[in-house]
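Hello,

Here is the structure I promised to pass on to you. Please have a look at it first, and then read on for what turned up.

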Amino acid sequence: MSDAPITFYRLQACPFCERVTRKLQEYDLEYDSRFVEPMHSQRNVVKRVSGKRSVPAVVDENTGVTMSESGNIVEYLDRTYGDGAAGGEA
């Protein structure tokens, strides 16, 4: 088990998941990938974590944020870890 602060729930060969993967790698963020069941109705692990069965989903222990939907996740990562991140202000 990894001690990575971000847990990323995803599917194999999912273009929306790959979009999030690229963004996590762009910001050199440490994360733990959890591949989930391909059948939507069987994704109980994701539902317990995020309230939905959809992927991608992330849990960021750094900020306490849990979210799904690739567009929302990418926007969140940009805002939180990108050049305009609040932590980067002097």
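Let me begin with one arginine: the side chains of R10 and E18 are joined by a polar contact of 3.1 Å. A polar contact here is a pair of N or O atoms within 3.5 Å; within protein, one must be able to donate a hydrogen and the other to accept it, and residues adjacent in sequence count only if both atoms are side-chain atoms.

Before going further, a word on the source: this is a predicted model, in which local features need pLDDT of at least 70 and side-chain atom pairs count only at pLDDT 80 or more, while totals for chains, interfaces and linings use all residues. Residues are numbered from 1 along each chain as its sequence is written, and side-chain values use heavy atoms, with hydrogens and water left out.

Back to R10, whose side chain also makes a polar contact of 3.3 Å with the side chain of T21. R10 sits in strand β1, residues 6-10, and is buried at a relative accessible area of 8%. (Buried means under 20% relative accessible area, exposed over 50%, and partly exposed in between, with a 1.4 Å probe and protein chains only.) Setting aside neighbours within four places in sequence, the residues in contact with R10 include Y31, F35 and V55; contact means heavy atoms within 4.5 Å.

Now the whole chain. The protein has 3 helices and 4 strands, arranged along the sequence as β-α-β-α-β-β-α. The radius of gyration is 13 Å, close to the 12 Å that the globule rule gives for 90 residues, so the chain is as compact as a globular protein of that length. For reference, helices (H or I, at least four residues) and strands (E, at least two) are DSSP runs numbered from the N terminus, and the radius is taken over C-alpha atoms, the rule being 2.2 Å times the number of residues to the power 0.38. The C-alpha trace spans about 45 × 25 × 20 Å along its principal axes. Of the 90 residues, 38% count as buried. Among contacts with a separation of 6 or more, 51% come from residues 24 or more positions apart.

E61 belongs to the loop between β3 (57-60) and β4 (65-68) and is exposed, at 57% relative accessibility.

The loop between α2 (44-50) and β3 holds S54, which is buried with a relative accessible area of 18%. Beyond its neighbours within four places in sequence, S54 is in contact with H40, R43, V46, S68 and E69. P56 lies in that loop between α2 and β3 too, and the peptide bond from V55 to P56 is cis, with omega near 5°.

Finally, some backbone angles to look at. Most residues other than glycine have a negative phi, and most peptide bonds are trans. A13, however, has a positive phi near 60°; A13 is in the loop between β1 and α1 (15-26) and is exposed at 73%. D28 also has a positive phi, of about 55°. D28 lies in the loop between α1 and β2 (31-35) and is exposed at 69% relative accessibility.
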